[in-house]
Structures are given as structure tokens and as C-alpha cells.
Amino acid sequence: MSKQSALTRRTKRPLLGLALLLACWTPGWAEEIRLVTGEFAPYSGENLPNGGMTTELVSGIFDRLGYSVSVAYLPWKRGYQGTRDGKFSATFPYSFNSERASEMLYSAPLRSSPVYLFVHVEAPLSKAAPENLQGLRLCTALG
């Protein structure tokens, strides 16, 4: 047997084993990313174009990274609980709060928007300083 054929045989066996291993191996990133969100137009919604602007953004990011994505639309409490229970990979869009942060990992913000207070032009409130807001009511979305 020549040196060339022994070297070729020794090289081919490990390469064949590596090829078989790679052929049978399914990387973790090949699994489907199961997302859940709720109705929050224009950001997410089952009947919105592309599921809403945030749904389109999140799905597009995963798609560009090579992940297969499915999006379920559920009432907020059920979607959140399903994520906690591991039925879904992630949920969105949620604003940060310490209670959720104790249970979930947050990504970097997908978008941010300033909060403005609107008051009637004749209202005695001239500045939104905390001392000027004492005793007043503020209506805002939960979460």
C-alpha cells in the first residue's frame, strides 16, 4: 500500500464521519421562533398589514437572521402567561416595568417615544413639574 492511499484513507474516514454528523445535526437556530402578541394597533394586530409595524419589524429581524417565525395573536394576559410557561419563545411589544423584568429578559428597546401631557389652554397648569401635578389625575394605558 502506498503512502498516498494510506493518507487518503485516514483523511477520508474522519471527513466522512464529520459529513454524516453535519448531515444529521440540526442547529438550534433552525427551530421555529414562536412569538405571541396582542391587539395594539398600529404596532400589532392580526388584521393589520404584516401583523402591524412592530410585528413586521420583529419578524423581519428573525427572518434576516435565518430563523423561521410564527406569530400568534392572543389576549395580552394569555400571551404573557404562555410565554412564562414556555409555550412561546417571546412576546412583544411591552414597555419596561420592574415586575415583568423580574420574570422576563428584555431586549434593547425596539422604539421609544416621548410622553407628552396635554392640557386645555385655559388650565391653570403651566408646567408638568411634579409639584404642579399634585392632586390631578392622569389617564394612561396599563403597562
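**Overall architecture**

Buried residues (under 20% relative accessible area, with a 1.4 Å probe and protein chains only; over 50% is exposed, and partly exposed lies in between) make up 19% of the 143 residues in the chain. The model is predicted: local features need pLDDT of at least 70, side-chain atom pairs count only at pLDDT 80 or more, and totals for chains, interfaces and linings use all residues. Residues are numbered from 1 along each chain as its sequence is written, and side-chain values use heavy atoms, with hydrogens and water left out.

The chain has four helices and three strands. Helices (H or I, at least four residues) and strands (E, at least two) are DSSP runs, numbered from the N terminus. Along the sequence, the pattern is α-β-α-β-α-β-α. Contacts (heavy atoms within 4.5 Å) were also examined by sequence separation. Among those between residues at least 6 apart in sequence, 54% join residues at least 24 apart.

**Helix 2**

Helix 2 covers residues 53-64. At 1.5 Å a residue, its twelve residues should span 16 Å, and its end C-alpha atoms are 16 Å apart, which agrees. The expected span is 1.5 Å times one less than the number of residues in the helix.

Thr54, Thr55, Val58 and Ser59 are buried in helix 2. They cover an arc of only 125° around the axis, which puts them on the same side of helix 2. The arc is that of the directions from the helix axis to the C-beta atoms. An α-helix has 3.6 residues a turn, so residues three or four places apart point the same way. The buried residues of helix 2 pack against strand 1 (32-37) and strand 2 (68-73).

Ser59 has a relative accessible area of 19% and is therefore buried. Leaving aside residues up to four places away in sequence, Ser59 touches Val69 and Val71.

The other side of helix 2 carries Asp63 and Arg64, which are exposed. Asp63 counts as exposed because its relative accessible area is 55%. Gly66 follows helix 2 and has a positive phi, near 90°.

**Helix 3**

Helix 3 covers residues 76-84. Its buried residues are Gly79, Tyr80, Gly82 and Thr83. They cover an arc of only 160° around the axis, which puts them on the same side of helix 3. Strand 1, strand 3 and helix 4 are included in what covers these buried residues. Lys77 and Arg78 are exposed, on the face of helix 3 turned away from its buried side. Gly86 follows helix 3, and its phi is positive, near 85°.

**Backbone features in the loops**

Most residues other than glycine have a negative phi, and most peptide bonds are trans. Two cis bonds and one positive phi are described here. The peptide bond from Ala41 to Pro42 is cis, with omega near 0°. Pro42 lies in the loop between strand 1 and helix 2. Phe92 and Pro93 are also joined by a cis peptide bond, with omega about -20°. Pro93 belongs to the loop between strand 3 and helix 4.

Asn50 is a residue other than glycine with a positive phi, near 60°. Asn50 is found in the loop between strand 1 and helix 2. Its relative accessibility is 54%, so Asn50 counts as exposed.

**The largest pocket**

Rolling a probe the size of a water molecule over the atoms shows where empty space is left. On a 1 Å grid over the protein atoms alone, a pocket is an open set of points where a 1.4 Å probe fits, with protein on both sides within 12 Å along at least five of seven lines; lining residues have an atom within 4 Å of a point. Grid points are joined across faces, edges and corners, and a volume is the space filled by probe spheres set on the points.

The largest pocket holds about 1800 Å³ of space. It is lined by 44 residues, and the closest to its centre are Pro93, Tyr94, Ser95, Phe96 and Arg100. Helix 2, helix 3, strand 3 (90-91) and helix 4 (98-101) each supply at least two residues of the lining. Helix 3 gives the most, with five residues.

The lining divides into 26 nonpolar, twelve polar and six charged residues. Here Ala, Val, Leu, Ile, Met, Phe, Trp, Tyr, Cys and Pro count as nonpolar, Asp, Glu, Lys and Arg as charged, and the others, Gly among them, as polar.
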